[in-house]
Amino acid sequence: MFLQCQPSGVSITDERALARALRSSAVNTAIQSGHYKRISIALIQWSGTNNQIVSIPWTVIGSPISVDNLALRVSKLPRHVSLGPTSISAVIAKSLHMFNNTRYRSHRKVLDISGDGRNNDGVPAHFLRDVAIKKGVTVNGLAIINETPTLHHYFRNAVIGGQGSFVIKANSYEAYEYAIQKKLVREIAPLPIVQNTF
């Protein structure tokens with residue numbers, strides 16, 4: 001199961017970038033390289049402690065048609081949450097609730113948090129990150145660093161964790177499409193025997 005979390009600061013054009021990434025041959029090859037040749041994916045838009053919206057509920061994709069249908073839904077998503085504070089801890093808590101309340105079962109659970117700022121609302125992010133790890137959820141990060149040049153270091157220290165966890169850095173919102181495609185491929189493909197977190 002794969003849960004994608006988009007912050008309120010990411011523009012609606014980046015939802016379209018996510019849709020294009022889903023349609024890419026690299027992502028589709030990664031899905032087909034898995035044992036089951038399909039994944040379950042959901043999407044949350046979020047900002048502060050009281051502002052997380054499930055934009056796409058758990059959806060199974062595998063065939064080219066199912067991937068294309070999901071990409072179309074993502075490309076047409078409105079922005080459900082307004083700009084506000086950043087609560088990475090709250091979106092992790094929301095994500096854990098979603099993992100606990102799904103009819104799908106998987107040997108891997110991956111939480112993908114894209115963000116452009118540090119946690120500044122609610123409890124510190126690492127508290128919920130540690131809960132996620134104990135529940136067997138891998139937390140990965142995509143740090144958009146145009147406003148906070150060291151954000152990827154913060155993600156590495158306070159946000160990511162679990163088996164094969166990693167951070168990918170996007171230097172700007174314009175670089176988001178390439179970064180999210182690279183991240184999806186790395187997350188969906190079977191885990192390598194030797195892993196690192198960089």
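Which residues in H5 meet which residues in H6?

1. The structure is a predicted model, in which local features need pLDDT of at least 70 and side-chain atom pairs count only at pLDDT 80 or more, whereas totals for chains, interfaces and linings use all residues. Residues are numbered from 1 along each chain as its sequence is written, and side-chain values use heavy atoms, with hydrogens and water left out.

2. On the opening question, Ala125, His126 and Arg129 of H5 meet Tyr154, Asn157 and Ala158 of H6, where contact means heavy atoms within 4.5 Å. Three nonpolar, two polar and one charged residues make up this contact. Here Ala, Val, Leu, Ile, Met, Phe, Trp, Tyr, Cys and Pro count as nonpolar, Asp, Glu, Lys and Arg as charged, and the others, Gly among them, as polar. Helices are DSSP runs (H or I, at least four residues), numbered from the N terminus.

3. H5 packs with helix H6 (residues 151-158) at an angle of about 50 degrees, and their axes are 9 Å apart. Axes are lines fitted to C-alpha atoms over the stretch in contact, with angles running from 0 to 180 degrees between N-to-C directions. The two helices are therefore oblique to each other; angles under 35 degrees count as roughly parallel, over 145 as roughly antiparallel, 65 to 115 as roughly perpendicular and the rest as oblique.

4. Between helix H4 (residues 88-100) and helix H5 (residues 125-134), the packing angle is about 20 degrees and the axes are 7 Å apart. H4 is thus roughly parallel to H5. From H4, the contact is made by Ile88, Ser89, Ile92, Ala93 and Leu96, and from H5 by Ala125, Leu128, Arg129, Val131 and Ala132. By class, this contact has eight nonpolar, one polar and one charged residues.

5. H4 has 13 residues and spans 18 Å from its first C-alpha to its last, close to the 18 Å expected at 1.5 Å a residue; the expected span is 1.5 Å times one less than the number of residues. Among its buried residues are Ile88, Ile92 and Leu96, buried meaning under 20% relative accessible area, exposed over 50% and partly exposed in between (1.4 Å probe, protein chains only). His97, also found in H4, is partly exposed at 46%.

6. Ile31 lies in helix H2 (residues 25-32) and is buried, with a relative accessible area of 2%. Not counting residues up to four places away in sequence, Ile31 touches Lys37, Arg38, Ile39, Ile61, Gly62, Val67 and Ile188.
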